Amino acid sequence: MLYLPISHNNIKLQFKNYHHGIPRRYQESYEGPLSAPSIPLSRFLSLACFPIEKSIPRKNLTHKSPYNYGIKALLLAIFLKVYHDHGDHIHPMIAWFFFSFSVYFFLDLLLTISSIVMEFLLGVKLDPQFDEPYLSTSLQDFWGRRWNVMVNRILYPTIYNPVRTLSARVIGHIWAPIPAILITFAVSGLMHELIFFYFTRERPTWDTMLFFCLHGVSLVMETTIKKFVNVKWSLPRHITAPLVVAFVLVTSYWLFFPELRRCKIAERAFEDYEAIAKMVTFVV
């Protein structure tokens, strides 16, 4: 067994001493879940070793009721049934619609259950990873607030902020967000290409990279127009939300879906679903 000649309190003391050596104007960016003066060892290890973060109060977070999850569970069962039984006989775009929403419903329900378990075991309330992305009013709303929240919170301080700071010295604060957005999406694309490479062990097609670069350019165009065109009115949500969802679905069907098919993600997912169903049946 590996023995670490340090205690939990020593780790926190070292962090505290290191923290006091940082100028005050930078200390806020170093605050995190491990900077608390006293936390249980189990919570410390979980926060330090796993992709777990304490919930941070956020504005405009959509409130979810139990009925919301019940409807998603019902739609998940229906969509999976349609895709599994009729996926080969319907238009590929329609099949992609059922599959993509099935993946979203499954991940949302699974992560919600995981959050409940973590709160029960460790007393840590976790942020939801999705905030009803089908209600997005813009690409900025979709990628910045509603889709994959944890990844956004990782990329923002590690990629976006440093690039924006460096860019501001060269091209000024007004234009600095543009390279920051483009590089952030490029890094995300590279990470997805790496994930697909692990699945296939084949030379990448770079379609996934193109998908994220396309959305990065689209987001730059959107934010630039918002910044320089001072318009006080906006389209209602029941118009913008379908447009955003349609853009994401069409571009992902064009560039993302072929990679998923090449990796046989659907087949593997159904195998996992069957294994989970058998496990639940066995336990019950």
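Biologist: What makes the contact between the side chains of Arg 145 and Asp 141 a salt bridge?

Modeller: This is a predicted model, and in it the N to O distance between Arg 145 and Asp 141 is 3.1 Å. The cut-off is within 4 Å, from a side-chain nitrogen of Lys or Arg to a carboxyl oxygen of Asp or Glu, so the pair is called a salt bridge. In total, the structure holds nine salt bridges.

Biologist: How far apart are Arg 145 and Asp 141 in helix α6?

Modeller: They are four residues apart in helix α6, residues 139–146, and therefore about one helical turn separates them. Both also belong to a network of salt bridges that links Asp 131, Asp 141, Arg 145 and Arg 146.

Biologist: Why is Asp 141 called buried, and why is Arg 145 called partly exposed?

Modeller: Asp 141 has a relative accessible area of 11%. Buried means under 20%, so Asp 141 is buried. For Arg 145 the value is 22%. That lies between 20% and 50%, so Arg 145 is partly exposed.

Biologist: How do you know that Arg 262 forms a salt bridge with Glu 202?

Modeller: The closest N and O atoms of Arg 262 and Glu 202 are 2.9 Å apart, and 2.9 Å is within 4 Å, so the pair counts as a salt bridge. This pair links distant parts of the chain, 60 residues apart: Arg 262 is in helix α11 (257–262), and Glu 202 is in the loop between α8 and α9. Arg 262 is partly exposed at 26%, and Glu 202 is partly exposed at 42%.

Biologist: Which side chain does Glu 259 meet in a salt bridge?

Modeller: Glu 259 meets Arg 262, with an N to O distance of 2.8 Å. Both lie in helix α11, three residues apart, about one turn of the helix.

Biologist: Is Glu 259 buried or exposed?

Modeller: The relative accessible area of Glu 259 is 2%. That is under 20%, so Glu 259 is buried.

Biologist: Now the surface. Which residues make the nonpolar surface patch of about 710 Å²?

Modeller: The patch is made by Val 170, Ile 171, Ile 174, Trp 175, Ile 225, Phe 228 and Val 229. Helices α7 and α9 are the elements that give two or more residues to it.

Biologist: What makes Ile 225 exposed?

Modeller: Ile 225, in helix α9, has a relative accessible area of 53%. Exposed means over 50%, so Ile 225 is exposed.

Terms used. Residues numbered from 1 in each chain as written. Predicted model: local features only at pLDDT ≥ 70, side-chain atom pairs only at ≥ 80, totals over all residues. Heavy atoms only, no water. Buried < 20%, exposed > 50% of the residue type's maximum accessible area, 1.4 Å probe, protein only. Patch = residues over 30% accessible without salt bridge, like charges linked within 9 Å, V, L, I, M, F, W, Y side chains within 5 Å. Areas by Shrake-Rupley, 256 points an atom, 1.4 Å probe, with all protein chains shown as cover.
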